Amino acid sequence: MTNKTPSYKERKVITIGVVSELTGLTERQIRYYEERKLIFPERSPRGNRKYSFADVEQLIDIANKREEGVQTYEIRQDMLKAKRMGDKRKRKELLRGEINARFGIQKE
């Protein structure tokens, strides 16, 4: 298992106040989405929430869906479904790579 350094987009360095300014959401709304398991900030050694640019994008997407009337439960289910589909796709790509390597097939 490799310890890959996260990209700038995945690095959790943004405070909740800045996220609030970037998204237009209140800090309370952001905490609520965390409670509903729609967003997963890290905690600093002092216990402060830290977010990434990917989290900011996710929060904007959540806010847009909520404005359309989508419930948080539905958003969570869609996120889980998307994750499962992504996991299946990754497994398929890995299997294809193993088969190609086994039979000496070069990717064009």
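## Asp 55 and Lys 12

Asp 55 is buried, at a relative accessible area of 9%. Buried means under 20% relative accessible area, exposed over 50%, and partly exposed in between (1.4 Å probe, protein chains only). Asp 55 forms a salt bridge with Lys 12, with 2.7 Å between the closest N and O atoms. Lys 12 sits in the segment before β1 and Asp 55 in helix α3, so the bridge links distant parts of the chain, 43 residues apart. A salt bridge here is a side-chain nitrogen of Lys or Arg within 4 Å of a carboxyl oxygen of Asp or Glu.

## Basis of the model

The model is predicted: local features need pLDDT of at least 70, side-chain atom pairs count only at pLDDT 80 or more, and totals for chains, interfaces and linings use all residues. Residues are numbered from 1 along each chain as its sequence is written, and side-chain values use heavy atoms, leaving out hydrogens and water.

## Lys 9 and Glu 57

Lys 9 and Glu 57 also meet through their side chains, in a salt bridge of 3.0 Å, N to O. Lys 9 lies in the segment before β1 (14-15) and Glu 57 in helix α3 (residues 53-67), so this pair ties together parts 48 residues apart in sequence. Helices (H or I, at least four residues) and strands (E, at least two) are DSSP runs, numbered from the N terminus. Lys 9 is partly exposed, at 31% relative accessible area. Glu 57 is partly exposed too, at 44%.

## The Arg 43 network

Arg 43 and Glu 34 form a salt bridge of 3.9 Å, N to O. Shared partners join Glu 34, Arg 43 and Arg 49 into one network of salt bridges. The whole structure holds 7 salt bridges.
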